[in-house]
Amino acid sequence: MSIAITQAKHIFGLKPGVTGNICYHDEQTIVYPAGANCILYNIDQKSQKFIPCSDKSEGMTAIAVSPNRRYVAIAEKGEKPQITIYDLHSLRKRKVLSSPDVLSADYVSLAFSPDSKYLVAQSGKPDYTLLYWTWEKSKVMAVTKTSNPQGTQPVYQVTFNPQDNTQLCVTGHGIFKHFRYSEGNLKTFNFQKMEPQNYLCHAWVSEERLVIGTDSGRLLLFEAGELKNEFAISAPEKKSDEEGHTHSPQITAVVAYSKGFACACGPGMVHLYEKTDDKDFFKKSREILIPLDNNSADPAHAQRQTIVCLTVSPSEETLVASTDMSQLYYITLSSADLGKGDQAHFEVLAQSFHYGQVMGLDVCHRKALIATCSLDKSVRIWNYETCNLELYKEFAEEAYSIALHPSGLYILVGFSDKLRLMNLLIDDIRTFKEFTIRGCRECSFSNGGHIFAAVSSNVIQLFSTTTFEVTANLKGHNGKIKAVVWSADDSKIISCGMDGAVYEWDSFSGKRVGESVLKSCNYTGVAVTADGKTTFAVGSDRTLKEISDSQILREVETGEMTLSGVALSNSGRMLFAGTIKGTLWSLKFPLTIPGEWQEHQGHGSQIVKMKVTTDDQYLITVSEDASIILWKITDKEGRVGKRDKEVGWAEEILITKSDLEEKNSMMSELKTRVDELKMENEYQLRLKDMNYNEKIKELTEKFIQEMESLKTKNQVLKTEKDKEEAKHEEETAEIMEKHAKELTDLESANNQKLMLEYEKFQEQQAKYMKMQEDYERQLQEMEDSKQKALEELTEYYETKIQEMTSKLEQSNDEARQQNREYDETKKQIEEDADREILDIKNKYERSLRNEKEANTRLKGETGIMKKKFTSLQKDIDDHKEEIKKLQAESAKLNNMIRNLQKDIEGLNKEIHERDDTIQDKEKRIYDLKKKNQELEKFKFVLDYKIKELKKQIEPRENDIKNMKEQIQEMESELERFNKQNTQLELNITELRQKLKATDKEMHQERQKVRDVEAVVKRFKTDLHNCVGYIQDPKMLKESIKALYQKHVQEDITESASVDADIQKEYSRQREHLERSVASLRKKLTKDSEIHRADNVRIMQENVSLIKEINDLRKELKIARTQIHDLEAALGLHSKTNKGDTQALAAITAKGPTAIFEKELEENRKMVEMQKMEIKRLRTQMLEIELGSRPSSSTKLPPMHSIESTA
């Protein structure tokens, strides 16, 4: 007999109607309400943590997460509304806040201060009280009313200034107030000078500035209470009601972030606004839409959702939105910025949820699937192992019941018009058979799947799954049938209904084989054991009944709670029940009277259906609040239901022939495309191979040459290395000799110091002995005087105590007498009061009857008057709304016209400007073409010169390369020697420390020996003194006692303990020093690694700089060759290049001389610039080389000298 252990694993759903129902805990975790829990959902891991509501709660009304992301405040509805604050890391309750100042049953908005120390809470109707708490102390700092005195204008939101703990903002219908906390009061300031509007939401954009959204589609920007700007939101499609009136989009949510703010404008749309240079203006940067739902009969229905809450992640990477239809959407803001076009689309966060009451639930035998249907016209298939939505579809009619075939390939759904048998395809749900059963509220497949039962009004019809013929009609119920359950072997069907009957039917014959009728009870749930002998039923009579052989064996009373459903595990060891409140009961099984159970917070309203999975690992519950909860269940002994691993879950799926053919054709097309691409790639690869083979040949030849040069260098370096090693060994030998001499000198000096110290110690010890004797004499005298004083005080206080006891007895007697008198007077007063109460009661009861009669008469009259008044008021309001809408529309249209006219003017100006620029560019192109022709002529002549100079440069470059490689290798050798030196130095220091430690130990041991010898000497002298009293026994006894007290009790124990303590302290310090040495060694290795990394980084920077220098030198070389050629062409080098001058003279004779001169001037300027740049880079190189030259194995590219390039 045990109660099963139940733990919530996952909740599918989102609770609507909660203010701030989506918040971020950290970059991966979001906080939102579902059922009667607050959920922490990890987006990456897709896992959930739960914070349950309190027991007496009627549901959550508002949520707020603190700015430091550590705490969450949850406002709960009830007779006395309360706010509970939880730690988001430990999920523990920190504080529960409630106040007698609040008359309302709920809180509508919560907000934490910027430093997370204060909490502000706005209560609902009728009083709309604002409370300012220091929540850690549970203390209300200030209270004020925010609505009008009558309390008719609702308040929607309250927030803190993001930089100021004392400043608040409250918005509502016609309410926009700033409050400042000072001296225990909330005082209003920054009064507005404009007509009140219906302010739906607001957000702080900066310390002084607020953005407020209204129901008329206007965004208002306030600074220090003054209206600075107004943005009219223009929706692409305005809503129209049944009468054809158009409505402006309401701004239902605003959230601010560093770049600007986002606001929800109308159905399914969010606008992003960004800051501009003008601080009073924000520019609309992007529209974000909720995507179409292709799984719905009306795909555009998803875009008609109203976004009720927006939140931005801590790093401002993601924007998350929640809607009035209990859906969550997200978009990465970076993708929204980079996306093409003006519009972007949200994506579904996690999966889409039910938003209407869940009516049906079933579990599959062969797959880890759950099927649910809802009044939101959708059918959804969930995977309870991966916690994902596998498949869903929205239909045109409401779905009341659902059954999942054991194979997991078919579902049976009871719609409002027909019962439909459907195929679960790979990506769709398709009907293949319809049955004319309207509004089927219950249906279920048998465990074998060959028969299914469907409820038609008060009759249960059994159909064959293969022939679809009715095999039996089970008649007997007089009321609605609430549950139909099959036994494990499909031989029996158990049904219960609102008529108070629980019937047991034979599924083969269709006859009733058992019944239990209790007309006073409306049954809502039934469960049966595996053998089909025992049935458990729950209903409206607040009992759980155990029925066997048509007899009620046990009735377990459930107190004040009504149970709405019951479920039994397949193993028959665990029993569960669901309540109308939404809690889950895990009952002790087998049942006992009185019953025992554990209650678990789960759903926010009545549990409609409950099912246990075939492997007994999970319990699934669905509720009227549109949430689905997976519970992990184990019995008290820790036995968890296990599935046969060899069988596993079925993996087959259905797909139609046409879909398969389409996919096959697509695959064949793609295959041909892949083959074509392969051919192309192979051809390109062959070409590349050819090119690379040629390059490899060239490189191998170069490599062989380099190898030979390196070998010669290596031999030279080895000889140098041997010389350095010999030098190093000589130096170390000299150092070791020096250290040995120093050690001997230090030892002799320390020995002399020790001798002096020992002599001083003996003198001090003699003084200490004298002082101790004096102190003992004084102590004895003090003790005697203290004893006398104590005796005198005891005598004095004993006499006083006797006097006080006699007085106390007298006062006790007086008190007893007074108590007797008081009891008598009390009795007389009570009798008189009872008589008076009876008379007053009779009098007021008569007057109350008369008042009630008059009140009922007046209520009738006021009801008639109220109806008339409300009808007239509605007409007036409708007319006013129509007028307002028309005015707003006309204003918007005028604004649109003005804006469009401005755009047209601007575009015309742009066209004229662009025409002018095109003409200028055409002229420029013509001039450049002419220049190009002339330069081509020069190029032909200059190419020849370039080739000759290249031939001269190549051998010099090779020499530079070889020299640089030599330098690098020498540097690496030098580094290695440095490391060896440092290592040797460390070893020497370690040896020194060890030597010092051994010296200290030796000195301590010597000191101990001396101490022991001194003690022995003292003992001998004292013993010699004792022997002197050998003739006098009394004196001998006293002297031996003194000797014992002196040497045994004090000195020996103390010296032993002191020696032990010293030894421990010494060993502890030694261990500590060894540890510190080890840690320092680790630090040293780390620092050396960091230093090496820095060297590598600097080396890489140097490489990049040298590359830049080489590039610049190449450019300089080209420029110089050009200058040289040009000078030759001008006849400056007539001796060397006579043929070239003649050629250039012939070329230049054709072209104009002015252009030629300009080119020359430009080239000279370029040369001067290049020279300046080279000087600057040279100085930089010198600075780098003079600084810490990095040692690395990476090779630097060759540096080309200016002389060689010239």
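**Group meeting: a walk through the model**

Okay, let's start with residues 474-515: the chain there is 0% helix and 55% strand, and the end C-alpha atoms are 13 Å apart. When I say helix or strand, I'm talking about DSSP runs numbered from the N terminus, with helices being H or I of at least four residues and strands being E of at least two.

Some housekeeping. This is a predicted model, where local features need pLDDT of at least 70 and side-chain atom pairs count only at pLDDT 80 or more, while totals for chains, interfaces and linings use all residues. Residues are numbered from 1 along each chain as its sequence is written, and side-chain values use heavy atoms, with hydrogens and water left out.

Back to that stretch. Residues 351-386 come out at 0% helix and 50% strand, with 12 Å between the end C-alpha atoms.

Now, the inside. Which residues have the most contacts inside the largest nonpolar core? They are I30, Y32, L328, F576, L619 and I620, in a core of 43 residues. By nonpolar core I mean a set of buried Ala, Val, Leu, Ile, Met, Phe, Trp, Tyr and Cys residues joined through side-chain atoms within 4.5 Å. Buried is under 20% relative accessible area, exposed is over 50%, and partly exposed is in between, using a 1.4 Å probe and protein chains only. Several strands each supply at least two residues of this core, including strand 4 (29-34), strand 37 (388-394) and strand 59 (618-623). Strand 60 gives the most, with five residues. Apart from this core lies another one of 20 residues, with V270, I290, L333 and F346 among them.

Let's zoom in on H405. You'll find H405 in the loop between strand 38 (399-404) and strand 39 (410-415). Is H405 buried or exposed? It's buried, at a relative accessible area of 11%. Setting aside neighbours within four places in sequence, H405 is in contact (heavy atoms within 4.5 Å) with C364, Y410, F445, G449 and T465. A polar atom of the H405 side chain sits 3.0 Å from the backbone oxygen of G449.

Another loop residue is E27, between strand 3 (23-24) and strand 4. E27 counts as partly exposed, because its relative accessibility is 27%. The E27 side chain makes a polar contact of 3.1 Å with the side chain of S313, and one of 2.7 Å with that of S315. For a polar contact we need a pair of N or O atoms within 3.5 Å; within protein, one must be able to donate a hydrogen and the other to accept it, and residues adjacent in sequence count only if both atoms are side-chain atoms.

Last stop, helix 2. Helix 2 covers residues 657-1027, and its end C-alpha atoms are only 124 Å apart, whereas a straight helix of 371 residues would span 555 Å at 1.5 Å a residue. D659 lies in helix 2, and D659 counts as buried at 17% relative accessibility. D659 and I426 are 233 residues apart in sequence, yet 9.9 Å apart in space, C-alpha to C-alpha.

UniProt's unreviewed entry also places "coiled-coil region" at residues 660-734 and 1063-1129. Residues 660-734 are 100% helix, with end C-alpha atoms 91 Å apart; residues 1063-1129 are 100% helix, with theirs 97 Å apart.

How values were computed:
The expected span of a helix is 1.5 Å times one less than its number of residues. UniProt positions are given in the numbering used here, feature names are shortened, and annotations may be inferred rather than shown by experiment.
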